[in-house]
Amino acid sequence: MLFLSLMRSYLKLLFTITSMLACVSCSKNQPAYRTEATVREVMDSMLEPNADFLWGAVSTRSTKDGIIEKAPKTDEDWKELREHAISLREATNVIQIPNRSVAKAGEKASDPRIELTPELIQTMIESDRTTWASHAHELYDAVGIYLKGIDAKNVDAITDAGGDIDKACEDCHRRYWYPNENKGQSGSVRPKQ
């Protein structure tokens, strides 16, 4: 009887230890994010080109031959616009992945008179990831509104939502890249990152 009791206790302990080791082993086998591209590279290759495509989807320009209006018209136009919007929205998740460097080692600010150094931007992001994420979420949400306009095939809605996307981009840039530029001025400035 004592033997059976000790055996049960031993088996429970063995089961508990085995379960714990299995959990630890499973967590170690979880794939880690690979973040070789920098925030600057993601901005240049994903965020900026897709945002530019959305901003350029609707335009009016005057030429010597008259007014030229551009807007999505065909199902293919709307599909292509939607693909760029999805790419832009998902890029907001990419820049939030932990351990992503702002820039490659040794890279400098494009214009040090205006922009913060990559090292300072990195420190700002790492010291307050909640604010960094809130800026990314602001852009994500703005693109979500744009997508609703696309799904409704509503040119006015995407034009309005384009302004929200611009504001989200500028809010983040003014905090992290060039907080001292245009103090007291209004208007959009979208320098390359």
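The model is predicted, with local features needing pLDDT of at least 70 and side-chain atom pairs counting only at pLDDT 80 or more, while totals for chains, interfaces and linings use all residues. Residues are numbered from 1 along each chain as its sequence is written, and side-chain values use heavy atoms, without hydrogens and water.

**Core**

The largest nonpolar core holds 35 residues. Such a core is a set of buried Ala, Val, Leu, Ile, Met, Phe, Trp, Tyr and Cys residues joined through side-chain atoms within 4.5 Å; buried means under 20% relative accessible area, exposed over 50%, and partly exposed in between (1.4 Å probe, protein chains only). Tyr-146, Ile-165 and Trp-177 touch the most other members. Two or more residues each come from H2 (39-55), H3 (75-94), H4 (118-127), H5 (129-151) and H6 (155-176), and H5 gives the most, with eight residues. Helices are DSSP runs (H or I, at least four residues), numbered from the N terminus. Leaving aside residues up to four places away in sequence, Ile-165 touches Leu-54, Trp-55, Leu-88, Leu-139, Ala-142, Val-143 and Tyr-146.

**Helix H3**

H3 has 20 residues and reaches 29 Å from its first C-alpha to its last, close to the expected 28 Å, a span defined as 1.5 Å times one less than the number of residues. Its buried residues are Trp-78, Leu-81, Ala-85, Leu-88, Arg-89, Ala-91 and Thr-92. Seen down the axis of H3, these residues fall within an arc of 150 degrees, so they line one face of the helix; the arc is taken over the directions from the helix axis to the C-beta atoms. They pack against H2, H5 and H6, where contact means heavy atoms within 4.5 Å. On the other side of H3, Asp-75 and Glu-76 are exposed.

**Cavity and pocket**

On a 1 Å grid over the protein atoms alone, a cavity is a set of points where a 1.4 Å probe fits but cannot get out, and a pocket is an open set with protein on both sides within 12 Å along at least five of seven lines; lining residues have an atom within 4 Å of a point. Points are joined across faces, edges and corners, and a volume is the space filled by probe spheres set on them. There is one cavity of 30 Å³ or more.

| Space | Volume | Lining residues |
|---|---|---|
| Largest cavity | about 40 Å³ | Val-39, Ile-95, Ile-97, Arg-100, Val-102, Gln-122, Ile-125, Arg-129, Trp-132 |
| Second largest pocket | about 160 Å³ | Phe-53, Gly-56, Ala-57, Lys-70, Ala-71, Pro-72, Asp-77, Glu-80, Leu-81 |

H4 and H5 each give two or more residues to the lining of the largest cavity. H3 gives the most to the lining of the second largest pocket, with three residues.
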